[in-house]
Amino acid sequence: MTLIFDITPATKFQDSVSPQEWRATVFSWDGSQGSAPPINFWEGDFNNPNTIGVINLGSNTRSDGKQGINVDWGNGAPNGDGNRLPHDFFAMRAYTVADFDGSEYKFRVRGDDGFQILAKQHGTNQWFYITPQNQWTQAYGSHNEITSTLPAGRYDLHFHQYEASGNAYLDLSWEKVNSQPVFDINYTSVPNNARTVVDDAIRTWESKIRRGPIGSPVERGFQVAITTEELGNLIYADCNYAENGVASLRLDPEFFGKSYSQQKKIIMHELGHAMGFGQQRLPQYDRLALRNQSDGHWYFMGTNAIALYGGPVPLQENVDVNNINYRTEGGYHWAEGDARLRLDLMSAATLEGYSDSNLSFTVAALKDMGFDTV
Ligand SMILES: [Ca+2]
Ligand SMILES: [Ca+2]
Ligand SMILES: [Zn+2]
């Protein structure tokens with residue numbers, strides 16, 4: 001007699017998956033054809049002849065709270081599902097919904113055996129490659145860290161992964177790169193009645209400056225320590241350059257007798273010094289504030305400021321204040337005698353009320369110094 005085995009072809013299956021979970025289509029691949037499956041192993045998706053089925057890899061929020069996935073199947077099959085899935089020579093194409101806000105994100109990934117990370121923007125269907133396009137990346141030991149800036153929007157964040165033999169795992173996460181605030185204020189002994197105006201001045205500066213000169217101590221933000229101190233007649237405040245990442249802003253008791261608008265201008269002005277305006281110890285300023293050899297006067301020589309002014313921008317040579325020992329001679333304010341510069345924020349006279357329209361020469365100079373201005 002002949003015994004006939006009725007071989008039932010494996011039935012492809014599709015488990016249900018929500019958008020906040022990882023939907024993975026699992027494929028088999030032929031290990032005799034090479035050490036890794038072809039990069040386009042997934043083409044046709046569910047209709048590919050090597051497709052085994054669609055599984056749910058779980059939430060896209062990991063147990064550590066990060067976005068991504070962290071699975072380790074050891075020697076076993078994905079999800080420990082040895083009834084339906086192989087433990088070697090499989091590959092998968094998985095995706096979940098992810099939102100990005102247009103800023104920098106850091107992706108961290110390690111996997112066994114190889115992987116590819118890519119994202120498809122909803123709406124445009126445009127692809128973005130987090131790891132290099134059309135190739136497998138491997139990182140068995142420490143994580144690969146990749147910084148990527150995707151246009152703001154919603155995406156299907158994909159990973160492809162293959163397993164030859166032995167262990168299989170994938171540890172993938174992404175998070176926003178923390179950018180420090182430009183000003184990180186440390187109120188040491190400043191009275192409460194100055195906090196509102198200080199916060200206001202800082203918010204105003206932060207709306208105009210994204211970051212300091214690359215490589216400078218104020219590139220990615222700095223601290224300002226605020227104290228009150230007797231500074232002398234007609235000196236309302238002073239501030240050094242945040243050379244070591246910390247600036248000391250001192251407020252004279254006279255400061256508190258000024259109007260809100262005057263106080264704001266004074267604080268804005270002193271924070272300009274904290275960032276390096278007029279500070280010869282900041283090379284990005286010092287190289288642009290120069291004494292003209294033929295007329296003996298000081299000028300600011302940055303191209304943006306020159307374009308705005310229509311020539312070298314005159315700097316104040318002597319300021320009628322004393323005991324400012326961290327400045328050196330010449331060139332640390334706009335020339336007060338110049339009608340167009342007199343009201344600008346970084347002229348030495350600061351007793352007018354603050355106005356957003358009196359910032360143009362100062363902002364042009366910061367741009368010349370390498371600040372990323374808005
Ligand atoms: Ca395995
Ligand atoms: Ca392996
Ligand atoms: Zn000043």
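Student: Why does the span of helix α2 (residues 260–275) agree with its 16 residues?

Tutor: Helices here are DSSP runs of H or I with at least four residues, and strands are E runs of at least two, numbered from the N terminus. The expected span is 1.5 Å times one less than the number of residues. For α2 that gives 22 Å, and the end C-alpha atoms are 22 Å apart, so the two agree. This is a predicted model, where local features need pLDDT of at least 70, side-chain atom pairs count only at pLDDT 80 or more, and totals for chains, interfaces and linings use all residues. Residues are numbered from 1 along each chain as its sequence is written, with chains lettered from A and ligands numbered from 1 in the order in which they are written.

Student: What follows just after α2?

Tutor: There G276 takes a positive phi of about 120°.

Student: Is α2 mostly covered or exposed?

Tutor: A residue is buried if 20 or more other C-beta atoms lie within 10 Å of its own, exposed if 12 or fewer, and partly exposed in between, with C-beta atoms placed from the backbone. In α2, 13 of the 16 residues are buried, which leaves the helix mostly covered.

Student: How many residues has the largest nonpolar core?

Tutor: A nonpolar core joins buried Ala, Val, Leu, Ile, Met, Phe, Trp, Tyr and Cys residues through C-beta atoms within 7 Å. The largest has 49 residues, and L271 and F300 are among those with the most contacts inside it. Helix α2 gives the most to this core, with six residues. Apart from it lies another core of 32 residues, including V54 and F159.
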